[in-house]
Structures are given as C-alpha cells and as structure tokens.
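Colleague: I should like to go through this model with you before I plan my reading of it. Please take the overall picture before the details.

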Amino acid sequence: MKTKLSVLLLGCLVLVLSPLASTAATSPFIAQGQSNGIAYVSGGVGMDERTAMDAMAKDYNVKLMFVEAPKEYVSGVKVKIEDLSGKLLLETTSSGPWFWAKLPQGDYRLIASFRGHREMKHLKVAAGVDTVEFFWKA
C-alpha cells in the first residue's frame with residue numbers, strides 16, 4: 001500500500017513540475033533567433049515569460065531591458081548590434097521588454113529604436129553578464 005501511494009504521489013509531482021521545466025522551450029511568445037553567429041532571445045511579457053527566460057539565462061551574457069518612463073516595460077523595440085567599425089551583426093525587433101544575446105568578448109554599439117526615438121550605447125563585453133537599460137520618455 002505504501003509503495004502504491006508513493007508511486008501515485010511521485011506521479012503527481014512529475015505532472016505538476018513538468019510544465020515548469022518545459023516552459024522556456026514551448027512559450028510561443030518568446031522569440032529565439034540567430035544572426036551572424038549571435039544567438040538571441042526576446043520576450044518577458046508577463047511572469048510566465050520572465051520565468052521561462054530566467055531559465056534560459058545561463059546561455060546569454062548580454063541583457064537589454066526596454067522601459068518607457070516612468071516605469072512601463074515596452075516591446076516592439078528595434079534592436080541593432082554593430083561592431084565599432086559599423087558592421088551590422090544583428091538587426092531584429094524585440095517581442096518583449098527583455099532582449100538577451102550571446103556576444104563574444106569585444107566592443108559593440110547597441111542601437112535601440114522605439115516610437116521614432118533612437119538610443120545608442122557602447123558595450124564592452126568581457127567576462128560575466130552585462131545589463132544595459134534603454135529608457136524613453138512617454
């Protein structure tokens with residue numbers, strides 16, 4: 001009797017935890033892609049997507065966040081990543097307020113455009129994770 005109850009409880013636990021383990025791979029709103037060897041992911045609309053992206057965090061070393069003042073997260077931001085000579089490495093539109101990329105060590109120009117306003121920032125990628133925030137006035 002104890003064995004049957006243990007198996008039943010273990011089965012219930014697996015059913016409850018399985019969706020959490022596969023959320024990152026199955027969320028239809030998280031956009032994953034690659035450009036010139038640079039892997040990226042974007043999303044983060046709502047807690048489910050943020051949880052899914054947090055589960056993928058170990059694969060990326062650059063995190064961009066997009067905010068419209070006073071503190072509204074925004075999506076639909078056009079993202080460009082260039083090397084310092086101006087060579088375009090990545091160009092896409094973010095599907096959420098979080099945009100993560102895996103960049104080799106080096107110097108980059110990040111360009112984010114939202115509602116006709118363009119922001120440009122310099123990023124030097126070394127070891128660890130770099131977070132860059134872009135803010136636009138409402």
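Colleague: Among contacts between residues at least 6 apart in sequence, what share joins residues at least 24 apart?

Modeller: This is a predicted model. The contacts considered here are those between residues at least 6 apart in sequence. Of these, the share that joins residues at least 24 apart is 55%.

Colleague: In what pattern do the helices and strands follow one another along the sequence?

Modeller: The protein has two helices and ten strands. Read along the sequence, they give the pattern α-β-β-α-β-β-β-β-β-β-β-β.

Colleague: In which helix or strand is confidence lowest?

Modeller: The protein averages a pLDDT of 83, and 80% of the residues score at least 70. Strand β5 (residues 78–83) has the highest mean, at 97. Over residues 2–26, by contrast, the pLDDT is below 50, and this stretch has five contacts beyond near neighbours in sequence. Where pLDDT is low, the predicted coordinates should not be read in detail. With a mean of 40, the element with the lowest confidence is helix α1.

Colleague: Which strands stand at the edges of the open sheet of four strands, and why is one side of each left without a neighbour?

Modeller: The order in this open sheet is β6-β5-β8-β9, with antiparallel pairing. Each edge strand has a single partner strand, so one side of it is left without a neighbour in the sheet; the edge strands are β6 and β9.

Colleague: What is the bridge partner of Leu110 in β9?

Modeller: Strands β8 and β9 run antiparallel and are joined by nine bridges. In β9, the partner of Leu110 is Lys121.

Colleague: Which element gives the largest share of the largest nonpolar core?

Modeller: This core has 23 residues, of which Leu64, Phe66 and Leu103 touch the most other members. Elements that give two or more residues to the core include β2 (38–43), β3 (62–68) and β10 (130–136). The largest share is four residues, and it comes from β8.

Colleague: How many residues make up the other core that lies apart from it?

Modeller: Members of this other core include Val41, Ala52, Tyr60 and Trp100. The number of residues in this core is nine.

Colleague: Which residues does Leu103 contact, leaving aside its neighbours within four places in sequence?

Modeller: Leu103 is one of the residues that touch the most other members of the largest nonpolar core. Leaving aside neighbours within four places in sequence, its contacts are Ile38, Asn61, Val62, Ile81, Tyr108, Leu123 and Val125.

Note on methods. Residues numbered from 1 in each chain as written. Predicted model: local features only at pLDDT ≥ 70, side-chain atom pairs only at ≥ 80, totals over all residues. Heavy atoms only, no water. pLDDT = per-residue confidence, 0-100. Contact = heavy atoms within 4.5 Å. Core = buried A, V, L, I, M, F, W, Y, C linked by side-chain atoms within 4.5 Å. Buried < 20%, exposed > 50% of the residue type's maximum accessible area, 1.4 Å probe, protein only. Pairing = 2+ DSSP bridges.
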